[in-house]
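Here is a short report for a first look at a structure. Keep the sequence and the 3D view open while reading.

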Amino acid sequence: MNEKKKSPAHYVMPCDTGAYMLNGGSVTFNGQSAMIANASVIKAETFSSTVFFGPTVVVHSKDAQAPNPPPIPHDLLRPFARSKRDLAAIGDINELYDRDRARFGRARARRLYWAETLKFLWPLLGRAFSRVIKWAVIIDALKRHLLG
Amino acid sequence: MNIGALEQHVLMAIMALHPNGYGVSIQEHILRRTGQEYSIGSIYAALGRLEDKGFLESRQGEATPQRGGRAKLYFTITAPGEKTLQASLKATRSLQRGLRWGTAFGLSEAVG
């Protein structure tokens, strides 16, 4: 992983999509993992104009509270994180989980996270399914035309 | 251009929260004001439609640990968005004027 050491306490990573995930003291970016040891919270904007250009920095405190949502629905969401809107929606679902966990406890927050995830995925799956049906009909029609 | 009830709610929430309207705050604002709890998925579907039509603009905000490192996306209404919302509310008000309350309970005759 392309990682730059800013100071003994800070690790700065350039990234081009912002598709990253923080998990406790480690960071995963595009499927690759790296440990962040003793890092402080740094705003992404802090370095965007001085060190890197564009969406740039992933930094996280080892001590800060990561939401740790249930892994299965979280992994279901990840392949759909294509646009900045999808990424923001996944962040919002994480934020809701964090809020619900504080308000209702972990068990209910997990159920609500599952519900939000399925509601988010349902229209995407519906669109994917209708695309498959459309192509199946086109291919079938072509087959009939060419063979028959 | 026509917009649905959800789009109307979302546009009004964004105007009320200006300039800090993002998914969670929009959802909470609508819940507080109307009692309707839309899922984040449906709110983002509406936001996507409205942004694609040019009624909204978005800017990226800060990422927090609570969001798993994902940045917020703040939305603001554009001039065409405001115009469309005004037209939509005007149409709703116009329909409201023609209502005869109590018809379901057989009161319209008594009232009329």
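## Lys72(B) and its neighbours

Setting aside residues within four places in sequence, Lys72(B) contacts Glu95(A), Tyr22(B), Arg59(B), Gln60(B), Gly61(B), Glu62(B) and Arg67(B). Contact means heavy atoms within 4.5 Å. Lys72(B) is found in strand 2 of chain B. Helices (H or I, at least four residues) and strands (E, at least two) are DSSP runs, numbered from the N terminus. Lys72(B) counts as buried, because its relative accessible area is 11%. The classes are these: buried is under 20% relative accessible area, exposed is over 50%, and partly exposed is in between (1.4 Å probe, protein chains only).

Which residue meets Lys72(B) in a salt bridge? Glu62(B) does, at 3.5 Å from N to O. Glu62(B) lies in strand 1 (residues 56-63) of chain B and Lys72(B) in strand 2 (residues 71-77), so the pair ties together parts that are 10 residues apart in sequence. A salt bridge here is a side-chain nitrogen of Lys or Arg within 4 Å of a carboxyl oxygen of Asp or Glu. Glu62(B) is partly exposed, with a relative accessible area of 23%.

## How to read the model

This is a predicted model: local features need pLDDT of at least 70, side-chain atom pairs count only at pLDDT 80 or more, and totals for chains, interfaces and linings use all residues. Residues are numbered from 1 along each chain as its sequence is written, chains are lettered from A and ligands numbered from 1 in the order in which they are written, and side-chain values use heavy atoms, with hydrogens and water left out.

## Chain B as a whole

Chain B has five helices and two strands. Along the sequence, they follow the pattern α-α-α-β-β-α-α. The chain has 112 residues, and 47% of them are buried. Take the contacts in chain B with a separation of 6 or more: residues 24 or more positions apart account for 50% of them.

The accessible surface of chain B is about 6,300 Å², and 52% of it belongs to carbon and sulfur atoms. Accessible areas come from the Shrake-Rupley method with a 1.4 Å probe; for residues, only the protein chains shown count as cover.

Look also at the peptide bond from His18(B) to Pro19(B). That bond is cis, with omega near 0 degrees. Pro19(B) sits in the loop between helix 1 (5-17) and helix 2 (23-34) of chain B.

## Other salt bridges

Side chains of opposite charge can pair when their charged atoms come close. How many salt bridges are there over all chains? The count comes to 11.

One joins Asp98(A) and Arg101(A), at 2.9 Å from N to O. Both residues lie in helix 3 (residues 84-104) of chain A, three residues apart, about one turn of the helix. Asp98(A) is buried at 16% relative accessible area. Arg101(A) is partly exposed at 25%.

Another joins Asp75(A) and Arg78(A), at 3.8 Å from N to O. Asp75(A) is partly exposed, at 43% relative accessible area. Arg78(A) is partly exposed as well, at 37%. Arg85(A), Glu51(B) and Asp52(B) are linked in a network of salt bridges.

## A buried charge without a partner

Asp86(A) lies in helix 3 of chain A. Asp86(A) is buried, yet has no salt bridge. The nearest side chain of opposite charge is Arg85(A), 6.0 Å away. Lys and Arg count as positive and Asp and Glu as negative; His and the chain ends are not counted.

What does Asp86(A) touch, not counting residues up to four places away in sequence? The residues are Phe80(A), Ala81(A) and Phe120(A).

## Two surface patches

Patches are made of residues with over 30% relative accessible area and no salt bridge: like charges are joined within 9 Å, nonpolar side chains (Val, Leu, Ile, Met, Phe, Trp, Tyr) within 5 Å. The place of a charge is taken as NZ of Lys, CZ of Arg, CG of Asp or CD of Glu.

A nonpolar patch of about 680 Å² is made by Trp135(A), Ile138(A), Ile139(A), Leu142(A), Leu146(A) and Leu147(A). Leu142(A) belongs to helix 4 (residues 106-147) of chain A. Leu142(A) is partly exposed, with 46% relative accessibility.

Arg82(A), Arg127(A), Arg131(A) and Lys134(A) form a positive patch. Arg131(A) is in helix 4 of chain A. Its relative accessibility is 47%, so Arg131(A) counts as partly exposed.
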